[in-house]
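Trainee: I've got a model open and would like to learn how to read its sheet and its core. Can you walk me through it?

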Amino acid sequence: MAAAESSLSIVEYFGGEDGYRCGYCKNETGNLSHGAGGAGGMWAHSMTIQDYQDLIDRGWRRSGKYVYKPIMNQTCCPQYTIRCQALHFQTSKSHKKVLKKMLKFISKGDVSKVMGGEEPMDSHIEDVVACNYEFRSESHVSQAELTPLSVDHAESVETEDKDKEQMEEEVNVKKVESGSLQIHVAKDTPVPGEPSHSTKIVPALPKPGKGADLSKPPCRKAKDIRKERKLQKLLQNQMCTCEGSPLQAGDQVLLLQNSKSKTNQPKTIEDFIFASLPDDAAHKLEVRLVPVSFEDPQFKSSFSQSAALFAKYQMAIHKDAPSDCGENEFTRFLCDSPLEAENLPNGPDCGYGSFHQQYWLDGKIIAVGVVDVLPYCVSSVYLYYDPDYSFLSLGVYSALREIAFTRQLHEKAPDLCFYYMGFYIHSCPKMRYKGQYRPSDLLCPETYVWMPIEQCLPLLEHSKYCRFNQDVKAVDEGRVKELGRVRVLHKRTIMPYSVYKKRRKGPSDEASVQQYASLVGQTCSERMLLFRS
């Protein structure tokens with residue numbers, strides 16, 4: 001999928017950040033320690049969905065319009081991009097407990113106690129908040145400087161470079177074809193709770209006058225009796241539809257086996273989420289997908305309530321001061337998005353871009369999940385909820401809803417099949433819960449290929465920074481090969497860096513441009529516009 005022709009990604013690179021505050025490693029006094037390394041960061045004035053998809057597949061994430069990438073071999077707590085294979089997601093026992101708890105609450109009003117040892121999953125991008133990136137204020141570059149001149153003028157600049165043909169190819173960047181997505185299906189595992197077949201249990205003989213009456217048929221469970229009646233009825237219906245011809249014994253056995261296999265299939269997330277509710281249900285839960293745009297009526301009408309909930313959450317959960325979570329901070333952090341909304345014929349009905357998934361309970365918002373819908377994934381940005389409803393485990397529940405949402409979008413957009421959960425930080429035990437959403441993959445920080453998390457965990461036990469790809473000959477296929485082909489926006493004119501370098505006055509900025517290009521990769525560096533004043 002290629003980015004829309006009418007939109008361009010325009011970014012302003014700040015360079016590497018050294019000594020940022022890390023919220024993962026805390027000393028005994030509880031004070032935040034300083035990271036040994038930092039991250040590459042840039043302000044995205046605008047960004048296409050394809051460019052951001054390619055960036056997060058190289059370890060980038062966004063906080064509002066600020067996009068950053070941890071320098072993995074330097075930072076104190078390496079943050080590995082993690083994605084869940086939504087189409088093959090396997091619900092754990094604790095996941096089912098959360099789904100059942102919500103179903104009981106909605107249908108009957110039951111309030112269960114909070115389970116111990118549960119995955120927090122309260123905010124996927126606590127990574128951003130903890131690393132203190134929100135200090136970045138918006139760039140003060142005027143809109144006029146960001147508006148390129150006509151394409152004809154931009155093309156005339158290309159002729160200043162010696163290799164004219166290559167630069168013309170640079171201006172008319174061909175559409176990038178996405179590679180085939182490899183999905184690793186986890187092998188079947190034994191069901192917990194099933195009895196072991198290695199030991200035989202010999203029942204003790206009943207004493208005279210006690211125990212079962214052998215002259216009567218053995219007692220049976222009501223559940224088994226209901227199943228048998230259902231199968232008998234099914235067999236009778238099948239026999240009636242065969243125009244009076246009785247089924248053969250083999251056909252009956254096959255029908256019986258097929259019926260058993262269907263009844264024994266484990267429930268999916270959708271079975272819990274979209275289960276039928278009684279007419280007199282105690283509560284009504286509605287999940288609304290709202291585009292992040294003040295031009296959208298639903299987003300605009302619910303803004304005040306949503307912002308108030310954000311402030312309540314931040315003050316209760318993250319202990320923020322009221323001044324740190326007002327409407328301006330809420331807008332900058334969770335409403336301002338660089339992503340340009342796109343609606344494509346082969347895309348999902350909602351389109352691509354940034355959205356708020358609002359959880360409405362009995363007419364009021366109790367939680368909001370901020371997500372980006374991208375060409376290959378749903379990327380979780382943040383979640384905030386009403387602390388009064390913590391007993392519903394809304395962090396875990398929203399994650400499961402977002403996985404189901406990903407599968408729903410996949411029906412219309414076949415390439416969209418992954419759920420990105422942000423960063424997995426193995427060096428911080430509290431952040432390991434994301435690895436419990438299986439099957440999942442971690443991104444190799446050196447070759448940028450996805451590896452099953454089961455292969456990565458043993459490596460992380462020995463070293464907090466790891467190259468997951470064990471092929472020593474493998475390299476970053478998207479690495480920068482020609483720095484001169486990096487696209488630059490200078491004085492409203494699009495040009496390759498090779499031309500800009502000749503025009504530039506003052507000290508050389510080649511080191512900064514080289515770092516930028518190495519972090520975003522050759523493809524994005526030739527497609528995005530790097531703003532230079």
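Mentor: Start with terms: helices (H or I, at least four residues) and strands (E, at least two) are DSSP runs numbered from the N terminus, and two strands pair if DSSP finds at least two bridges between them. This is a predicted model, where local features need pLDDT of at least 70, side-chain atom pairs count only at pLDDT 80 or more, and totals for chains, interfaces and linings use all residues. Residues are numbered from 1 along each chain as its sequence is written, and side-chain values use heavy atoms, leaving out hydrogens and water.

Trainee: In what order do the eight strands of the open sheet run?

Mentor: The order is β8-β9-β10-β11-β12-β7-β13-β14, with mixed pairing. β8 (285-291) and β14 (450-452) are at the edges with a single partner strand each, so one side of each has no neighbour in the sheet.

Trainee: How do β13 and β14 pair?

Mentor: They're antiparallel, over three bridges, and D441 sits opposite P452 in β14.

Trainee: Now the core. What should I look for?

Mentor: In soluble globular proteins, nonpolar side chains tend to be buried together. A nonpolar core is a set of buried Ala, Val, Leu, Ile, Met, Phe, Trp, Tyr and Cys residues joined through side-chain atoms within 4.5 Å; buried means under 20% relative accessible area, exposed over 50%, partly exposed in between (1.4 Å probe, protein chains only). Here the largest core has 108 residues, and M42, Y384 and Y516 touch the most other members. Helix α12 gives the most to this core, nine residues. Apart from it lies another core of ten residues, including Y68 and F423.
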